[in-house]
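This briefing concerns the protein displayed below. Please consult the sequence and the coordinates alongside the points that follow.

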Amino acid sequence: MIAIFVYVGVEVSTASNLPEFMKEKLHTETGNIAPFISLYWASLMIGRWTASIGAFNLAGGAKKILRVVMPYIAFAVFLAVNKLAQHDVTPFYIYAFVIVVLIVADLLSRGNPARQLLIFSGCAITALFIGMLSSGMVSVFAFISVGLFCSTLWPCIYTLAVTGLGNHTNEGSSFLIMMIMGGGFISLLQGYLGGPDLIGIQWSYLVGVACFAYLAFYAIKAKSVLKQQGIDFDTVEVKGGH
């Protein structure tokens, strides 16, 4: 429940505080921020389309190829939509190189939800620190890339949480769904800390670091608990991309 709470919280708060960051640090006009916010949410789509390959009954070679191709198809959709909206998409071409990190992280996870939760949380923490320690568009794209690493964490957490619950699965699922309230609480906390009288908008992303640090801990702990129950995701076929 805590994992879902902080996951939804950091997913929402990262995007909801990005406009203020861009206005304060880059002096970006409000009307020019929309494409960057859309790229954040498109990043979640990029990651989810990539993970969805596991749901199809494809040969191993075809799956590996699609895991590389699919994120760029999703990225192309983002570019096309923003082009139709008459936004300048040239600043976003560099993001194609950031997507490589997602592809590598996805391949390293090998369909194991605990491993993917740990790897993606580590990548997100790295991205947040890059965003806090850099400036200009480097920091913006670093914060936006958090969307890539948030993309598949819900199914990872959900799978780890309900596995082994048996007759209590429905009850456990209900408790998990309640925790989407984290989107409101974590965003409020980061917004409060981001005030000029406290740590400021850029360093307020330490809230996100704390959230991902807990998710990394949860990945390790959940794997240990499930192994004690005789459940090892490395030895079972995980269907539906988790």
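The model is predicted. Its secondary structure consists of 12 helices and 0 strands, giving the pattern α-α-α-α-α-α-α-α-α-α-α-α along the sequence.

**Overall dimensions and packing**
- The radius of gyration is 18 Å, which agrees with the value near 18 Å that a compact globule of 242 residues would have.
- Along the principal axes, the C-alpha atoms occupy a box of roughly 55 × 45 × 30 Å.
- Buried residues make up 48% of the 242 residues.
- Of the contacts between residues at least 6 apart in sequence, 75% connect residues at least 24 apart.

**Surface and charge**

**Helix α12**
- Helix α12 covers residues 206-228, 23 residues in total, and its first and last C-alpha atoms are 33 Å apart, close to the 33 Å expected at 1.5 Å a residue.
- Its buried residues include Val207, Val209, Phe212, Leu215, Tyr218, Ala222 and Leu226.
- An α-helix has 3.6 residues a turn, so residues three or four places apart point the same way.
- The buried residues of α12 pack against α1 (2-16), α6 (113-133), α8 (146-150), α9 (153-162) and α11 (182-193).
- Glycine 230 follows α12 and has a positive phi, near 85 degrees.

How values were computed. Residues are numbered from 1 along each chain as its sequence is written. This is a predicted model: local features need pLDDT of at least 70, side-chain atom pairs count only at pLDDT 80 or more; totals for chains, interfaces and linings use all residues. Side-chain values use heavy atoms; hydrogens and water are left out. Helices (H or I, at least four residues) and strands (E, at least two) are DSSP runs, numbered from the N terminus. The radius of gyration is taken over C-alpha atoms; the globule rule is 2.2 Å times the number of residues to the power 0.38. Buried means under 20% relative accessible area, exposed over 50%, partly exposed in between (1.4 Å probe, protein chains only). Contact means heavy atoms within 4.5 Å. The expected span of a helix is 1.5 Å times one less than its number of residues.
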